[in-house]
Amino acid sequence: FWNAPAPSSMISWIVNSLCDGSRFDKEESRRFERSELSYLGSYALLLSFLAQCRLEGCLPLEKDHYDQLVGAVEALSQQGRGQQVNCDNAHFSGFETEVKEVLPAFSIKLNMARRHSQSGEPMGHELSAPHVDTLEEEEEDVRKNRRTTSELVDSNVAVILNDLDFDGRSRGNIKQDARTLASGFMDPHPLLERYSIDLIVLTRWIEAIAEKYNQVPYHCWRHAFDVFQFSYMAITVGVAHKFFNYQDILAMFIAIIAHDVGHLGVNNNYLIQTGHQLALTYNDKSVLENMHASVCFMMLGTPGLNFLADQPKPQYANLREKVIDAILATDMAHHFEFVDRFTARVSAQEMPFQEDTKDDRSRQKTSKGDRRMLLQAFTHMADLGHCCRPWKVHKHMVVLLEEEFFLQGDREKEAGLPVMPLMNRNQDSAATAQGFFLDKMVIPLLVPYTNLLLPDLGKRLLDNIEENKQRWAQLVEKHGKKTAAELVPLDNNAPT
């Protein structure tokens, strides 16, 4: 999906109205323009060039400008294969050291030589993908756990899933969590009724997926619940549901529940460089994300868990494609190339995103490309959602992620491998990396994303992330370079 063409609305915008500022409504209240917070990549560079040609004509190019454009074309041709990020991009000005320290931790490629597996590292290491039980085992488990519909509805679902101060650490009871999430498929959008989904079967599937999450510090079942809650809040409290049809929302919910299932607590780079079986299976391409999507549908194909069994084949195929796209969109290796395209699309003010497509076939057809991009954007942003949670929640999530990083570093040391950036518990700190991560990675996605929410919620999220940046900076300035786990107990300005 990373190689998909631009939405038709984007192409029309380029042809008909790119950057024609004179035609914009100067009193428009919800305008979005690129700013110093925006990441400007190859996509934006080429759009800017087309706009200049349209307004001023195509003039002879200086060699430097020509080389820039050629480089942009080459970079776009690599999309879907882990486009390398240019460390010299103006977006990273002043953060040259942080670029090299932070981006590799998220499997984002720089213009640096790749390390290969060392001969002493065992192919499988001590990590293994989640085991999917045989059909007979699953059927027996289903028979033992039959429950009535009334037992599965969570009467507190609206309170929990619309809570702006939600703390994922409060979850963890799989049966209760499954009830809550399954109830989220019912209200306010009647997904169960519309797609003939049995609530009992859906709940069983959620429980089965939850059981496949590993007990790792961060990418565990609580994280999946947290991401679901964030996305649900965005489309309900933020009223972003108006940009999606019902199948989009169903696909988003399914994808988010399974988006990190079976996560091994290490990143894709580790799996690739150790020659892990998953890297061999998925040819080094979005290794974990492909595995998550695979497990999602393997569990769905288990007797007693297939809540989509009544879907006609064409509709099921389309839904499956959307779910896979959404899960793959969480691969941070593609973060900047996606932010580049997404920001450009949101900036196209004369071609706003279509609304109210749920029961309008014509609008669904014309908005298909945009809705697919929004599905990816909302899933990806929800995956990073803790960054714009209140400080009292966010700080603990960073501690958990830091510990997961350190555990990977411990494995690398034991295997005689170089320790990746941010993974060395004896010298690294996720706390000191937050200024760069929040400012240069999350905010460039969050700013265009909030333009699609109600202003009050968007402002709340932006205010939270700004406060989180300041809190980390204050703690580091006051106490020096310590780990997040060491700094958080020293924070006296917020409840723990």
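How are helix 10 and helix 15 oriented to each other?

## A helix pair

This is a predicted model, where local features need pLDDT of at least 70, side-chain atom pairs count only at pLDDT 80 or more, and totals for chains, interfaces and linings use all residues. Residues are numbered from 1 along each chain as its sequence is written, and side-chain values use heavy atoms, without hydrogens and water.

The axes of helix 10 (residues 199-212) and helix 15 (residues 287-300) cross at roughly 140 degrees and come within 10 Å. The two helices are therefore oblique to each other (under 35 degrees is roughly parallel, over 145 roughly antiparallel, 65 to 115 roughly perpendicular and the rest oblique). Trp205, Ala208, Ile209 and Lys212 in helix 10 meet Val295, Cys296, Met299 and Leu300 in helix 15, with contact meaning heavy atoms within 4.5 Å. Seven of these contact residues are nonpolar, none polar and one charged (Ala, Val, Leu, Ile, Met, Phe, Trp, Tyr, Cys and Pro count as nonpolar, Asp, Glu, Lys and Arg as charged, the others, Gly among them, as polar).

## The largest cavity

A cavity is a set of points on a 1 Å grid over the protein atoms alone where a 1.4 Å probe fits but cannot get out, and its lining residues have an atom within 4 Å of a point. The largest cavity holds about 420 Å³ of space. Phe106, His219, His263, Thr330 and Met332 are the closest to its centre among 27 lining residues. Helix 20 gives the most to this lining, four residues.

## The second largest cavity

The second largest cavity holds about 70 Å³. Its lining includes Val102, Phe106 and His386, and helix 21 gives the most, with four residues.

Note on methods. Axes are lines fitted to C-alpha atoms, for helices over the stretch in contact, and angles run from 0 to 180 degrees between N-to-C directions. On a 1 Å grid over the protein atoms alone, a cavity is a set of points where a 1.4 Å probe fits but cannot get out, and a pocket is an open set with protein on both sides within 12 Å along at least five of seven lines; lining residues have an atom within 4 Å of a point. Grid points are joined across faces, edges and corners, and a volume is the space filled by probe spheres set on the points.
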